[in-house]
Amino acid sequence: MLKAYYNFDAVEAGLDEVGRGCLAGPVVAAAVILPRDFTHSYLTDSKQLTKIQRLELEKDIIREAICWAVAEVDNLEIDRINILKASFLAMHRAVDKLRMKPEHLLVDGNRFTPYPMIPHTCIIKGDAHYFSIAAASVLAKNYRDELMSRLSGQFPHYGWETNVGYPTIHHRKAIGLHGPCPYHRMTFKLLKPECDQAMEEEMEDLGFL
């Protein structure tokens, strides 16, 4: 069972992002403030859940959350500022959109650009330890998967309806045959057959390797 909070004495928002290792599309982040007594029987890291489970969980999260928000940074901005900065920026934008200002941020990962005037704590694999981060991971992944599925209708060659932009063999071959499209991240190695370690770990977690 995950934990309901890290800092009991503060209004706490869990933050997570998806899409850092993709070759195309935005990086998407979510921020979620849950009640301190929130609990759920199977909410956990979104990568460990089926699509059906994630969609059902989204209903529960939206119904139970005090507030929540999803934000993105598109591929053009990723190319301008780099993916790490873009990931943090997406999280900041999600916090900006919350209708209640949190007093503490619980961030998935080991690094974060501090948000002005709000302290934060980074938790490695936080989506497997805290409900608020897990909830953020579910909302961000559902949002991004749906977006990439819609974009696949415009650009069917790349298989985004299944790979959601990750560097699968099919995706790379399609880039080689048809070239990149306006949603590809041009600063990424689109045709390089091997991934860097971060990409490999993310793809393995998602079942692409």
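The face of helix α1 turned away from its buried side carries the exposed residues K51, I52, K59 and R63. Here a residue is called buried when its relative accessible area is under 20%, exposed when that area is over 50%, and partly exposed in between, as computed with a 1.4 Å probe on protein chains only. The model is a predicted one, in which local features need pLDDT of at least 70 and side-chain atom pairs count only at pLDDT 80 or more, while totals for chains, interfaces and linings use all residues. Residues are numbered from 1 along each chain as its sequence is written, and side-chain values use heavy atoms, with hydrogens and water left out.

Helices (H or I, at least four residues) and strands (E, at least two) are DSSP runs numbered from the N terminus. Helix α1 comprises residues 51-64, 14 residues in number, and reaches 20 Å from its first C-alpha to its last. This is close to the 20 Å expected at 1.5 Å a residue, where the expected span is 1.5 Å times one less than the number of residues. R54, L57, D60 and I61 are the buried residues of α1. Viewed down the helix axis, they fall within an arc of 120 degrees, so they line one face of α1; the arc is that of the directions from the helix axis to the C-beta atoms. An α-helix has 3.6 residues a turn, so residues three or four places apart point the same way. The buried residues of α1 pack against β2 (27-33) and α4, contact meaning heavy atoms within 4.5 Å.

Helix α6 (residues 169-178) has H171, R172, A174 and I175 as buried residues. These cover an arc of only 160 degrees around the axis, which puts them on the same side of α6. The face turned away from the buried side of α6 carries the exposed residues I169, K173, G176 and L177. What covers the buried residues of α6 includes α5 (160-163). Just after α6, G179 takes a positive phi of about 80 degrees.

**Strands**

Strand β1 is mostly covered, with 7 of its 7 residues buried. E12, G14, D16 and V18 point one way from β1, whereas A13, L15 and E17 point the other way. In a regular strand the side chains alternate between the two faces of the sheet. In strand β3 (residues 67-73), 5 of the 7 residues are buried, so this strand is largely enclosed by the rest of the structure.

Two strands are taken to pair if DSSP finds at least two bridges between them. The table lists the pairings.

| Strands | Bridges | Direction |
|---|---|---|
| β1 and β4 | 4 bridges | parallel |
| β1 and β2 | 6 bridges | antiparallel |
| β2 and β3 | 7 bridges | antiparallel |

Individual residues illustrate these pairings. E12 stands opposite H104 in β4, and A13 stands opposite I33 in β2. I33 in turn stands opposite C67 in β3.

**The loop between β5 and α4**

D127 lies in the loop between β5 and α4 and is buried, with a relative accessible area of 4%. Leaving aside neighbours within four places in sequence, D127 is in contact with several residues, including D16, T44, D45, K47 and D108. A128 is found in the loop between β5 and α4 but is partly exposed, with a relative accessible area of 38%. A128 touches L2, T44 and D45, not counting residues up to four places away in sequence. A128 and L43 are 85 residues apart in sequence and 9.0 Å apart in space, C-alpha to C-alpha.

**Aromatic rings**

Rings of Phe, Tyr and Trp (its six-membered ring) pair if their centres lie within 6.5 Å; planes under 30 degrees apart count as stacked, over 60 as edge-to-face and the rest as tilted. By this rule there are 7 aromatic pairs. One of them joins Y6 and Y130 edge-to-face, at 6.1 Å centre to centre and 70 degrees between the planes. This pair links distant parts of the chain, 124 residues apart: Y6 is in the segment before β1 (12-18), and Y130 is in the loop between β5 (120-123) and α4 (131-154). Y6 counts as partly exposed at 42% relative accessibility, whereas Y130 counts as buried at 8%.

F88 and F112 also form an edge-to-face pair, at 5.8 Å centre to centre and 75 degrees between the planes. F88 belongs to helix α3 (residues 83-97) and F112 to the loop between β4 (104-108) and β5, 24 residues apart. Both F88 and F112 are buried. Ring pairs also link F155, Y158, W160 and Y183 into a cluster.
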